[in-house]
Amino acid sequence: PVLRVAIMGLGSYGSRVADAMQACVKAKLVGVISGTPSKIKDWQSRFSIPDKNCYNYENFDRIKDNKDIDAVYITTPNALHHDEAIRIAAAGKHVICEKPMALNAKQGQEMIAACKKANVKLLVGYRMHFEAKTLEVIRMRKNGDFGKIMFFQGLCGFRIGDPTQWRLNKELAGGGSLMDIGIYAINGSRYMTGEDPIWVTAQETKTDPVKFKEGVDETIQFQLGFPSGAVASCLSTYNMNYLDRFYLNGEKGFAEMQPSTGYGPIRGRTHKGELTQPHVTHQTVQMEEMAGIILEGKQPVVAVDGEEALKDLKIIDAIYHAVKTGQKVDLKLS
Ligand code: NAD
């Protein structure tokens with residue numbers, strides 16, 4: 001069987017996913033949801049999409065009656081994910097949603113509940129969970145190659161351009177760099193250490209309050225504490241290019257990746273040598289694996305479901321709270 005997917009929000013990432021899916025065997029792009037008729041036309045000719053599989057934001061609830069679509073992949077701005085996912089679930093289709101899954105934990109919980117009620121899957125676009133070098137480091141960590149994990153460092157950022165884009169609009173983005181790119185350090189700290197944090201501290205710095213308005217963070221550094229005693233030190237920013245580095249250290253060894261979460265190829269080494277796993281387009285592997293999860297009940301090495309994404313949203317909520325109060329915030333993720 002093939003997972004037949006419609007993409008909602010025909011922007012830059014949706015387009016990247018669509019192109020990558022052309023190389024998939026188990027997943028196929030068959031539909032679109034967009035508010036822009038000219039984009040729909042363009043995608044129809046690019047990907048041979050029939051008229052009956054094209055929807056807009058007013059009528060997409062009718063996807064319920066479309067037997068030829070199994071799942072909708074949401075690639076719209078962050079603030080729209082919540083309502084869109086709930087409508088897709090109500091239409092009886094599986095939901096694949098981009099990160100961040102929602103703006104906060106409360107929204108995330110509502111999305112999980114809606115998908116459970118509709119008996120559809122909710123998966124989140126955590127493409128690194130399927131990336132070969134990342135999976136090798138996780139395998140080595142589980143194998144004890146690094147010894148007891150003591151420290152993780154996650155540095156994630158890029159220099160953002162156009163000040164009018166939705167990423168710098170609190171209403172649509174829900175925050176700033178942390179929601180968008182810092183989430184890779186948050187999520188990475190969990191899959192690299194294999195633990196969920198129990199506390200967080202955080203500090204914000206803003207050098208350009210004109211570009212980064214109230215509620216839109218430019219730079220946040222945060223620290224996470226894990227049950228084993230391991231700690232993480234992370235930086236999320238919208239003002240530096242080429243900031244894309246993970247470092248994991250245990251009592252016996254280390255892993256270092258740079259770039260660590262970009263579109264690739266990922267590069268890295270451990271105390272045992274270079275990581276040599278071949279690069280495959282992340283979104284191709286992700287969609288192939290997600291088809292396996294949805295259609296065959298496959299279990300990924302690192303979860304990509306709503307519950308997994310909810311943990312990151314709880315950490316994001318806690319980081320913003322820690323920034324605001326200056327306090328150490330305790331966390332209970334499960
Ligand atoms: P984008 O601006 O390029 O695309 C967003 C699309 O949503 C546009 O086509 C826009 O027209 C559409 N849209 C629908 N309703 C809208 C509204 N009310 N206001 C504004 N736009 C609306 O953005 P993008 O870079 O493609 O990001 C989309 C989502 O994908 C975000 O949630 C982002 O975090 C995520 N993303 C994930 C990755 C990844 O590697 N996993 C990479 C980039 C983006």
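Which residues does Thr193 touch, not counting residues up to four places away in sequence? I opened my notebook with that one, working on a predicted model.

**Entry 1: Thr193**

I found Thr193 in helix α7. Leaving out residues up to four places away in sequence, I listed Arg141, Ile149, Phe152, Gly188, Phe226 and Leu248 as the residues that Thr193 touches. Is Thr193 buried or exposed? Its relative accessibility is 5%, and buried means under 20%, so I noted Thr193 as buried. Next I looked at its side chain. A polar atom there lies 2.7 Å from the backbone oxygen of Ser189. On the side chain of Thr193 I also found a polar atom 3.2 Å from the backbone nitrogen of Glu195.

**Entry 2: helix α9**

I moved on to α9, which covers residues 306-325. I checked its length: at 1.5 Å a residue, its 20 residues should span 28 Å, and the end C-alpha atoms are 28 Å apart, so the two agree. Which residues of α9 are buried? I wrote down Gly306, Glu308, Ala309, Leu310, Lys311, Asp312, Leu313, Ile315, Ile316, Ala318, Ile319 and Ala322.

**Entry 3: the ligand**

How many residues surround the ligand? I noted 23, the closest being Tyr13, Asn78, Lys99, Arg127 and Trp166. The side chain of Lys39 has an N or O atom 2.8 Å from a ligand oxygen, and for the side chain of Arg167 I read 2.9 Å. Gly11 takes part through its backbone, with an N or O atom 3.1 Å from an oxygen atom of the ligand. Taken alone the ligand exposes 840 Å², and the protein buries 78% of that.

**Entry 4: the whole protein**

I finished by stepping back. I recorded 9 helices and 15 strands. The radius of gyration is 20 Å, close to the 20 Å that the globule rule gives for 334 residues, so the protein is as compact as a globular protein of that length. Its C-alpha atoms fill a box of roughly 55 × 45 × 35 Å along the principal axes. Buried residues make up 56% of the 334.

Methods:
Residues numbered from 1 in each chain as written. Predicted model: local features only at pLDDT ≥ 70, side-chain atom pairs only at ≥ 80, totals over all residues. Heavy atoms only, no water. Helix = DSSP H or I, 4+ residues; strand = E, 2+ residues; numbered from the N terminus. Expected span 1.5 Å × (residues − 1). Buried < 20%, exposed > 50% of the residue type's maximum accessible area, 1.4 Å probe, protein only. Near = heavy atom within 4 Å. Polar contact = N/O pair within 3.5 Å; in protein donor to acceptor, adjacent residues only side chain to side chain. Areas by Shrake-Rupley, 256 points an atom, 1.4 Å probe, with all protein chains shown as cover. Contact = heavy atoms within 4.5 Å. Rg over C-alpha atoms; globule rule 2.2 N^0.38 Å.
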